[in-house]
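Here is the sequence together with the 3D structure. Take a moment to turn the model around, then read on for a tour of the strands and the metal site.

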Amino acid sequence: MMGNNSGMMSGGGNERVPRGAMSLSIDHAHIGQGSVSLLAANDGSISHELVVLPMSDSQAVGTRTISGDNKVEETGSLGEASSTCGAGAGDGIVPGSTSWVTLTLAPGRYEVVCNLPGHYAAGMYSELTVS
Ligand SMILES: [Cu+2]
């Protein structure tokens, strides 16, 4: 089964951003299990990334603990798209560029986040359901 999903991201402003100042939206929040290609487009004005994290049944999006470095734990990460105009992990996606990654996702709930410092706290997370 093939699923297709693209994460569209938009980011705003400066370093000290209030919750909700940045966003990460997914145009297919419910996809089929198996091989999934994620395309992350940064339509914001600063660099971003896209990381896929597992989520338990009882967990809600946006509730991860933010540590001292202003990031969340990436334990169990299934992969990320964080290179400018390239596949997989890198140094971030610059404004106006895209990154992509192909993952095999089992049925379940996932949280797609941007884990650059401060971005999760500012609202860069979204739920992805795989069935
Ligand atoms: Cu970001």
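Y120 is buried, as its relative accessible area is 0%. In this report, buried means under 20% relative accessible area, exposed means over 50%, and partly exposed is what lies in between, using a 1.4 Å probe and protein chains only. Y120 also has a ring partner: the structure holds one aromatic pair, and Y120 and Y125 form it in a tilted way, with 5.0 Å from centre to centre and 45 degrees between the planes. A pair of aromatic rings is described by the distance of the centres and the angle of the planes. Rings of Phe, Tyr and Trp (its six-membered ring) pair if their centres lie within 6.5 Å; planes under 30 degrees apart count as stacked, over 60 as edge-to-face, and the rest as tilted.

A quick note on what you're looking at: this is a predicted model, where local features need pLDDT of at least 70 and side-chain atom pairs count only at pLDDT 80 or more, while totals for chains, interfaces and linings use all residues. Residues are numbered from 1 along each chain as its sequence is written, and side-chain values use heavy atoms, with hydrogens and water left out.

**The copper site**

Which residues hold the copper ion? Its protein donors are H48 (ND1), C114 (SG), H119 (ND1) and M124 (SD), lying 1.9 to 2.6 Å from the ion. Donors are N, O and S atoms within 2.8 Å of the metal (3.2 Å for Na, K and Ca); water is not among the atoms, so sites may look incomplete. The arrangement is tetrahedral because the four donor atoms subtend angles of 86 to 134 degrees around the copper ion. For four donors, that label asks for all angles to lie between 85 and 135 degrees; four count as square planar and six as octahedral if opposite donors are over 155 degrees apart and all others between 65 and 115, and anything else is irregular.

Along the chain, the donors follow the spacing H-x65-C-x4-H-x4-M. C114 and M124 are 10 residues apart, and each sits in the loop between β9 (108-113) and β10 (125-130). Both C114 and M124 are buried. H119 is found in the loop between β9 and β10 too, and H119 counts as buried at 7% relative accessibility. Leaving aside its neighbours within four places in sequence, H119 is in contact with M22, I46, S47, H48, C114 and M124. Contact here means heavy atoms within 4.5 Å.

How many helices and strands does the protein have? It has zero helices and 10 strands. Helices (H or I, at least four residues) and strands (E, at least two) are DSSP runs, numbered from the N terminus.

Five of the strands make an open sheet in the order β3-β10-β9-β5-β6, with mixed pairing. β3 (30-31) and β6 (79-81) stand at the edges with a single partner strand each, so one side of each is left without a neighbour in the sheet. Two strands pair if DSSP finds at least two bridges between them. Here are some of the pairings, each with its direction:

| Strands | Bridges | Direction |
|---|---|---|
| β3 and β10 | two bridges | parallel |
| β9 and β10 | six bridges | antiparallel |
| β5 (residues 50-55) and β6 | three bridges | antiparallel |
| β4 (residues 34-42) and β8 | eight bridges | antiparallel |
| β7 (residues 86-87) and β8 | two bridges | parallel |

The bridge partner of V52 is G79 in β6. Over in β8, T104 stands opposite S35, while S99 stands opposite G86.

Now look along β8 (residues 98-105), where the side chains alternate.

A41 lies in strand β4 and counts as buried at 13% relative accessibility. A41 and W100 are 59 residues apart in sequence, but their C-alpha atoms are 8.7 Å apart in space. L128, in strand β10, is buried at 0% relative accessibility. L128 and R109 are 19 residues apart in sequence and 6.0 Å apart, C-alpha to C-alpha.

**The whole protein**

Buried residues make up 45% of the 131 residues. Among contacts between residues at least 6 apart in sequence, 69% join residues at least 24 apart.
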